[in-house]
Amino acid sequence: MANPIDPHILIIYGASGDLAQRKLIPAVFDLYRGGYLPEKFALLGASRTDYTDEAFREKVLFENEFMQGNGYDEDQLKAFSELLFYQDLKAYDGVEDAKKLKAKLEDLGEQFETGSNYIFYLSTPPKLYSSIPKALAEVGLNKPENGWSRLVVEKPFGYDEKSAKQLNEELQSVFRENDIYRIDHYLGKETVQNLLVTRFANGFFEPLWNRNYIQSVQITAAETVGVGSRGGYYDESGALRDMIQNHLLQVLAHVAMEPPIRADAYSIRGEKMKLFQSLRAITGEQVAQQVVRAQYDAGDTKDGHVEGYREAEGVPDDSMTETYVAMKFFIDNWRWAGVPFFIRTGKCLPLKVTEVVITFKNPPQALFSGYDDYALKCDNQLIMRIQPDEGMALEFGMKVPGEGFRVKNVDMDFFYRDLTTKDVPESYSRLLLDCMKGDPTLYARGDSVEQAWAFVDPILQAWEKNEAPLARYTAGTWGPEEADRLWDGITGASWRNPAESLIDDKHYTKL
Ligand SMILES: NC(=O)c1ccc[n+]([C@@H]2O[C@H](COP(=O)([O-])OP(=O)(O)OC[C@H]3O[C@@H](n4cnc5c(N)ncnc54)[C@H](OP(=O)(O)O)[C@@H]3O)[C@@H](O)[C@H]2O)c1
């Protein structure tokens, strides 16, 4: 049964910023249009910029380019705007500000009959993630009498294991762990959630989902864009921190975790934690063998000519920050012993695509190889496309009509767009709705965020000490050759470079 949603106020810290306009306000409006918000609801934006309620509504609704093209109805937008308010702050973490905010929330609480139920969404620079909750605690907004208080924390959650631990301790000193929602927008994607449904709602995948039948697992998350004008920000993080530690390890957890005993937050997040604990550490000299880091040079991408990473605005000439990572690793547990896992992600690659590819082992004998050697190359692959063109394809060998026993790969496919005529909900809408319901299943738990950092930390440390080279690749290509060598010793398998459409591959015939 779905949890009912209590009346509440959603407070967005950093409401003047990019994320609020690009994602958060449009997501709340979508919930409003879909009839998901409780009848008694208000939204309070808070930041240092000096807006009146009216000016705030203009900025984030009527003049917000990310609200355009949404097919909305003017009357609906007007009615929604009346639920939006604004509080300007001197500093985010001052107690005086927290007192002002509390008084405003009490007023709104009376006006909208929302009581003392609050969601505080931290959409600010990360340095404020621990000081804002402390200021809220000083005025009792972390544990309101006769109500509840939840905290949503944006990425990045820490910079390494030590800082993530410290942030957890600071947050947990003022909020209960169950009230801390660490957002990872990948977990809001339908297709990432569908990984669990595919595995656990069907009888035929799970018996094959182990070392006996699976040869390798690969996850690719490619972007076509470079760093643009955000080079200064990006140079502080890099692809391992920005994509792998959080989003792609979460995708991996959905692919590789054990079946949870129930589909609830406690069980699912417990299994993910176990999976992260089973990741075999990559340390010291293994980093150079198992992880390839690279930076893009100037080249032509789908979006036009791109200058090299080191030429981008805000990036130092001698930057060693990676814009591409490919890695091979193992999971030391009963199910996955010996199965190689591969993850790669990069900027300025040929396509924007995220997909998971499960390659199954070949049958024990190549019975039909006498007819042509194609039978030897025939892969059984399950491709799960996370974005775009969301769906799945299962590829297998079939007989070519005619004499003999020639084999050709064909595929069976499923596209998400065929399942519903409704728009697939945006990640932020789904995740905000879950938080409103008090369901943290699709949010990251504190200990597993630390555990994911523990896996990537030794790699970051080896790079800092320059114990592994920085490879180069031309913008618009699939990355450096060094990444192909990660597959050495694995017969007949390599990166599957995705095509625009899930099944658009000259190799295959659609069934
Ligand atoms: N943008 C995205 O697509 C995206 C995606 C995923 C995660 N995030 C994360 O979400 C958070 C917010 O992102 P954003 O892109 O919205 O950031 P932003 O636009 O740079 O900042 C949000 C707001 O924070 C305030 N702020 C900025 N710099 C500050 C400073 N040095 N000290 C105090 N306040 C400052 C500003 O408001 P005032 O000056 O009015 O106070 C600004 O409007 C970040 O932690 C980011 O990592 C963003």
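Histidine 247 belongs to helix H9, which spans residues 239–256, in what is a predicted model. An unreviewed UniProt entry assigns the feature "active site" to His247. Because its relative accessibility is 2%, histidine 247 counts as buried, the cut-off for that class being under 20%. Apart from neighbours within four places in sequence, the residues in contact with histidine 247 are Lys155, Asp184, His185, Tyr186 and Asp242.

**Surroundings of the ligand**

The ligand is surrounded by 21 residues, of which Ser16, Asp18, Thr49, Tyr92 and Tyr129 are the closest. Sorted by class, this shell consists of eight nonpolar, seven polar and six charged residues. Among the elements that supply the shell, helix H1, made up of residues 18–33, gives the most, with three residues.

For threonine 49, the distance between a polar side-chain atom and an oxygen atom of the ligand is 2.4 Å; the corresponding values for tyrosine 92, at 2.6 Å, and for tyrosine 129, at 2.7 Å, are set out below.

| Residue with polar side-chain atom | Distance to an oxygen atom of the ligand |
|---|---|
| Threonine 49 | 2.4 Å |
| Tyrosine 92 | 2.6 Å |
| Tyrosine 129 | 2.7 Å |

Taken alone, the ligand exposes 860 Å², and the protein buries 74% of that area.

How values were computed. Residues numbered from 1 in each chain as written. Predicted model: local features only at pLDDT ≥ 70, side-chain atom pairs only at ≥ 80, totals over all residues. Heavy atoms only, no water. UniProt positions renumbered as here; feature names shortened; annotations may be inferred. Helix = DSSP H or I, 4+ residues; strand = E, 2+ residues; numbered from the N terminus. Buried < 20%, exposed > 50% of the residue type's maximum accessible area, 1.4 Å probe, protein only. Contact = heavy atoms within 4.5 Å. Near = heavy atom within 4 Å. Polar contact = N/O pair within 3.5 Å; in protein donor to acceptor, adjacent residues only side chain to side chain. Areas by Shrake-Rupley, 256 points an atom, 1.4 Å probe, with all protein chains shown as cover. Nonpolar A, V, L, I, M, F, W, Y, C, P; charged D, E, K, R; others polar.
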